[in-house]
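Here is a short tour for a first look. Keep the sequence and the structure open side by side while reading.

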Amino acid sequence: MKRIILHIDMNAFFASVEQQADPKLKGKPVIVGTGIGLRGVVSTSSYEARPYGIKSGMPLREAIKLCPYATFIPVDPYKYESVSKKIMDIFFKYTPLVEVFSIDEAYLDVTGSLRIYGSVDKLVTKIKEDIKQEFGVSCSAGMGPNKLLAKLASSMDKPDGFARIMEEDVPLLATKLLVSALCGIGPGLTKSLEKLNIITMKDLAECNEKILIERYGIIGRRLHLMSLGKDPSPVLPYFHYEDAKSMGHSITFGEDVSDFMKIKRTLLWLSERVGRRLRKAKMRGKKVTIGIRYGDFTSIGKGRSILQYINDGYEIYRSALEIMKSFIDPEREIRLVGVSVSRLVKGIYEPDLFEDFEKKERLLHATDKINDRFGEFTVKRAFLLGKVVRKILFNPLHPAR
Amino acid sequence: MYFKVDKDVLLEKLQLVASILPQRTTLIVLGNIKIIAEKKYVCLSATDLDISLDSTLQTDVVEEGSITVPGRRFLETVRDLPPCTIEIKVVNDFVELRYDKGVYKMPAIPTDEYPEIPQISGKNQFSFPSGLLRNSVLKTTFAASKEPGRRALSGIHWHIANNEANMVATDGRKLAFYKCLLEIKETIKVNIPPKALRTLIGYISDEEIDIDIKFDDTKIGFYLKDTTIIARLIEEIFPDYQQVIPKNNKKVLKISREDLLNVLKRVSIYADSTSHLVSFDIEPETVRIYTETELGSGEENLPCVFSDKSITVNFNASYLSEILRNLDEKTIEFYINTPKTAVIITHKKKKDQELTYLLMPIITS
């Protein structure tokens, strides 16, 4: 049986949520930015700001020049996450097969739902109405026989539209469509394909599958299928997601930093946050990795396995610090530092013979409880006293917090 | 320097000395073996700055002298020669290795660029029977920590006092404890790098000899007939192991060692590849050993004798198997208190030696 897949993409999601939260902003240019001050970048802009040339990823410094009267708002991840969750719940009313693809988009397999709702048009209209009514957010929908074409379709009629691409549309579409428009083909792959004279989807379809496989391995096979508008991957409901493979946090400093004490303190702050996340997910890990970006944008990352499974921020910090000391160049200023823990296991612990692990568990549990109730870092290590705890940026790759 | 030597005699010594050469080094000269030819003797030595070894052989020295040569290249060349007499000679800046069908030349470095091999002064000295020493090393070194961050646990801890020698190694998860009787007046507490002990037992043959041991505050030396191994002691203090050996583990599980090892081998195929978690449901007469992951599940029952009603304990199958392989009696005993506290694993005491392992269970929530 042919599948019917929808891809639903919220329009200017962060900006729409902000406009909904503050009605004064409705109909006005709104720019939501990440980072600190003018060093940040545009995360999303409302449709009113777009005629001024505002694009995602643009430095805020540039955005202010282009659209000085826009309202600039820092990202508020908790707000968006909470709205996103509620919107996803709406999708679940229409089908159990919902794959949350990012904070503002999802795939819905509605093959089985059509008997109830009659036609796709009726179904899509209802979903859009529900979202608009409850959250004031508009969305673009795309329909296709698979995820690839559904996603492509949703990008064709923005904002607030509904487009469909069927298999029979593919040959005509392929002549016009650049490969970079296909979900899964990023700038690197686009460049690499360009070297093979593959610019459009049609070029890709005409390229021998063997050549693609030889060059790109398993991805080559997928590229070939994509060129024919095929994508056998199922819509995976969120509860089928694998557990996280790693958990981490990073921060870009407001100004490049050379003060090692400040770097150490930031490392502890990040490690404590990673520890909190691990404990909330009831996970522990036995590999600590740290990443550093110097002021000149050169980056370096290094990881080390440890014997014990850890979820205590201070232990993560101790390992991270040791790794950092082994390669950091003290002469250079640092722009970004990140800590992550991988090789995760859930719900198990191998205590050390020489530690009183029950005491430690009790202590962590008590501090977690206080911080749950009164806010992050209400109880913290003295080394972190005086540190201004910045708002946490939302990371769509790690929605579980 | 010029001497002649039988290939097999040289090879035996070279293999021993080369085992000390560091795998990677920033000091090129540490990759070399030092050769000193004096009177009727040739002494070969190597060091990685933590452990040094020298070994002497008797042969025909034509001209006295000393030099250092690239160690591994020297060993590989000698190893693949047919049985013959080799002539070794320093010519200009090269060491020449000649036999009846050919000649090999290696660049040499003068001995004054080679680090000094330490000596141990002082009177702290005792002797140790080789059999007991070998046993202690074989049964404990595997448990020592390999983590770079835990240097204190990277060594084998020797605690000798009151005519009793205790040898302990641990990585924090498992602990190996070997005890034997030894007539010594001195009290000794040292932390020895495992590589030194492994090299030592690799060299001593099966015959029972007494090994002379000398030590001072920073080094320990093992003196054999023609070979000396000197190791720098690990400075970091070994934790109080006696404190973690439980005294209240009253629940006793008796089980066949070999059967358990075989079951673990099979069941752990299905265990999580990171945690190696395998569960034991222990009942008075049977123990159910099982695991379940996305790889599938495995379960087997084994007969046993358990002194209590029932208990479930989780182990890291890989650690447990390592311990079982090091015990050697048919039946082994687990002394358990709770699923969250260290378990003692041991076999029947022998006359003059005792072997105990501790393993921390895995706790699930």
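Start at B:Val278, which is found in strand β19 of chain B. The model is a predicted one. B:Val278 has a relative accessible area of 0%, so it counts as buried. What surrounds it? Leaving aside neighbours within four places in sequence, B:Val278 is in contact with residues including B:Leu264, B:Val267, B:Ile289, B:Tyr290 and B:Val313. B:Phe315 is another of these contacts. In sequence, B:Val278 and B:Phe315 are 37 residues apart; in space, their C-alpha atoms are 5.5 Å apart.

B:His276 has a positive phi of about 55°, although it is not a glycine. Most residues other than glycine have a negative phi. B:His276 is partly exposed, with a relative accessible area of 29%.

A:Asp160 sits in the loop between α6 and β8 of chain A. Its relative accessible area is 40%, so A:Asp160 is partly exposed.

**Chain B as a whole**

Chain B has seven helices and 27 strands. It contains 365 residues, of which 54% count as buried. Take the contacts in chain B with a separation of 6 or more: residues 24 or more positions apart account for 66% of them.

Now look inside. The largest nonpolar core holds 109 residues. Which members touch the most others? They are B:Phe128, B:Trp158 and B:Phe334. Helix α1 (residues 7-18) of chain B gives this core its largest share, six residues. B:Phe128 shows how such a member is placed. Beyond its neighbours within four places in sequence, its contacts include B:Trp158, B:Ile160, B:Met167, B:Leu182 and B:Ile211. B:Asp210 is also among them. Another core, of 37 residues, lies apart from the largest one. Among its residues are A:Phe13, A:Ile90, A:Phe91 and A:Leu123.

**A sheet in chain A**

Five strands of chain A form an open sheet. Their order is β5-β6-β1-β7-β8, and the pairing is mixed. β5 (98-102) and β8 (162-164) stand at the edges with a single partner strand each, so one side of each has no neighbour in the sheet. On average, neighbouring strands of this sheet are turned by 20° against each other, direction ignored.

Helix α6 (residues 147-154) of chain A packs on the sheet. The helix touches β1 (5-10), β5, β6, β7 (139-144) and β8. Its direction makes about 145° with that of β7(A).

One bridge pairs A:Ser102 with A:Glu105, which is in β6(A).

**Where the chains meet**

How many residues of each chain take part in the contact? The counts are 19 residues of chain A and 29 residues of chain B. The size of an interface is often given as the accessible area lost when the parts come together. Here chain A and chain B bury about 2,000 Å² between them, 61% of it on carbon and sulfur atoms. In chain A, A:Leu307, A:Leu353 and A:Phe354 lose the most area to chain B. Together they make up 37% of what that side buries. Two salt bridges are counted between the chains.

**Salt bridges**

Over all chains, the structure holds 32 salt bridges. Four of them are listed here.

| Pair | N to O distance |
|---|---|
| B:Arg150 and A:Asp352 | 2.8 Å |
| A:Glu355 and A:Lys360 | 3.4 Å |
| B:Asp171 and B:Lys174 | 2.6 Å |
| B:Glu299 and B:Arg288 | 3.2 Å |

B:Glu299 is partly exposed at 49%, as is B:Arg288 at 27%.

B:Glu299 lies in strand β21 (residues 296-303) and B:Arg288 in strand β20 (residues 286-293) of chain B, so this pair ties together parts that are 11 residues apart in sequence. Finally, A:Arg276, A:Arg279 and A:Asp368 are linked in a network of salt bridges.

Key:
Residues numbered from 1 in each chain as written. Chains lettered and ligands numbered in written order. Predicted model: local features only at pLDDT ≥ 70, side-chain atom pairs only at ≥ 80, totals over all residues. Heavy atoms only, no water. Pairing = 2+ DSSP bridges. Helix = DSSP H or I, 4+ residues; strand = E, 2+ residues; numbered from the N terminus. Axes fitted to C-alpha atoms, helices over the stretch in contact; angles between N-to-C directions. Contact = heavy atoms within 4.5 Å. Buried < 20%, exposed > 50% of the residue type's maximum accessible area, 1.4 Å probe, protein only. Core = buried A, V, L, I, M, F, W, Y, C linked by side-chain atoms within 4.5 Å. Buried area = accessible area lost by both parts, 1.4 Å probe. Salt bridge = Lys/Arg side-chain N within 4 Å of Asp/Glu carboxyl O.
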